[in-house]
Amino acid sequence: MEVLTLERTLTELDHVRLLSLARRQRPAAAAAIEPLLDACTVVPSRQVRPDVVTMYSQVLLHDLASGLRSRLTLCYPADAEPAAGFVSVLSPVGCSLLGLTVGAVARWSTPAGEARAAEVVALLFQPEASGDYAM
């Protein structure tokens, strides 16, 4: 079941850290995340729902075109290792996942301009749900 949503939820800590990161990046690198930061709903870390993709969440995705499933962990650029499944929040796929809920569809374009879409099937790990409010 595909759920389309434009609403995103971020924790206060993620919002502050990402705003700072965006201000330190080249304009092109931050261009995709700045509108998201401006339009999202911001909640205290202890109040974020356990089905929201936050920083360092591990998600299970279902690619809508290929049917393949993959695990990704959303991280900051310094921790990104795409081959190991750690994707930067500033990458197209990372930015598209931030703040979504389970059941929502992430949409992004590859560097080659190809449109991609994947459903967030499950949140395998969310720091806040496990009691880590400072990650």
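Predicted model: local features only at pLDDT ≥ 70, side-chain atom pairs only at ≥ 80, totals over all residues.
Residues are numbered from 1 along each chain as its sequence is written, and side-chain values use heavy atoms, with hydrogens and water left out.

The side chain of Asp51 meets that of Arg49 in a salt bridge, at 2.9 Å from N to O. The term stands for a side-chain nitrogen of Lys or Arg within 4 Å of a carboxyl oxygen of Asp or Glu. Arg49 is partly exposed too, with a relative accessibility of 48%. Side chains of opposite charge can pair when their charged atoms come close.

Helices (H or I, at least four residues) and strands (E, at least two) are DSSP runs, numbered from the N terminus, and two strands pair if DSSP finds at least two bridges between them. Five strands make up an open sheet in the order β5-β4-β3-β7-β6, and the pairing is mixed. At the edges are β5 and β6 (105–109), each of which pairs on one side only. From one strand to the next the twist averages 45 degrees, taken between axes that are lines fitted to C-alpha atoms, for helices over the stretch in contact, with angles running from 0 to 180 degrees between N-to-C directions.

Strand β3 (residues 58–63) pairs with strand β4 (residues 69–75) in the antiparallel sense, over 5 bridges. Along this pairing, Leu60 stands opposite Arg71, and Leu61 has Ser70 as its bridge partner. The two strands form a hairpin with 5 residues between them, and Gly67 in the turn has a positive phi of about 80 degrees.

Strand β3 also runs antiparallel to β7, to which 6 bridges join it. Here Val59 has Leu123 of β7 as its bridge partner. Moving on to β6, we find 5 bridges joining this strand to β7, again in the antiparallel sense. Trp108 is partnered there by Arg116 of β7. The hairpin of β6 and β7 has 5 residues between the strands, and Gly113 in this hairpin takes a positive phi near 90 degrees.

Arg116 brings us back to charge pairs. Its side chain meets that of Asp63 in a salt bridge, at 2.6 Å from N to O. This pair links distant parts of the chain, with Asp63 in strand β3 and Arg116 in strand β7, 53 residues apart. Asp63 is buried at 9% relative accessibility, whereas Arg116 is partly exposed at 30%.

Next, have a look at Tyr56, in the loop between β2 and β3. Most residues other than glycine have a negative phi, and most peptide bonds are trans. Phi of Tyr56, however, is positive, near 70 degrees. Tyr56 is buried, with a relative accessible area of 15%, and Tyr76 is buried as well.

These two tyrosines also bring us to the aromatic rings. Rings of Phe, Tyr and Trp (its six-membered ring) pair if their centres lie within 6.5 Å, with planes under 30 degrees apart counted as stacked, over 60 as edge-to-face and the rest as tilted. The count by this rule comes to 1 aromatic pair. In it, the ring centres of Tyr56 and Tyr76 are 5.7 Å apart and the planes stand at 50 degrees, so the pair is tilted. Because Tyr56 lies in the loop between β2 (41–43) and β3, and Tyr76 in the loop between β4 and β5 (86–88), the pair ties together parts that are 20 residues apart in sequence.

Finally, a stop at helix α3 (residues 33–39), where Ile33 is found. Ile33 is buried, at 1% relative accessibility. Ile33 and Leu98 are 65 residues apart in sequence, and their C-alpha atoms are 9.3 Å apart in space.

Terms used: Buried < 20%, exposed > 50% of the residue type's maximum accessible area, 1.4 Å probe, protein only.
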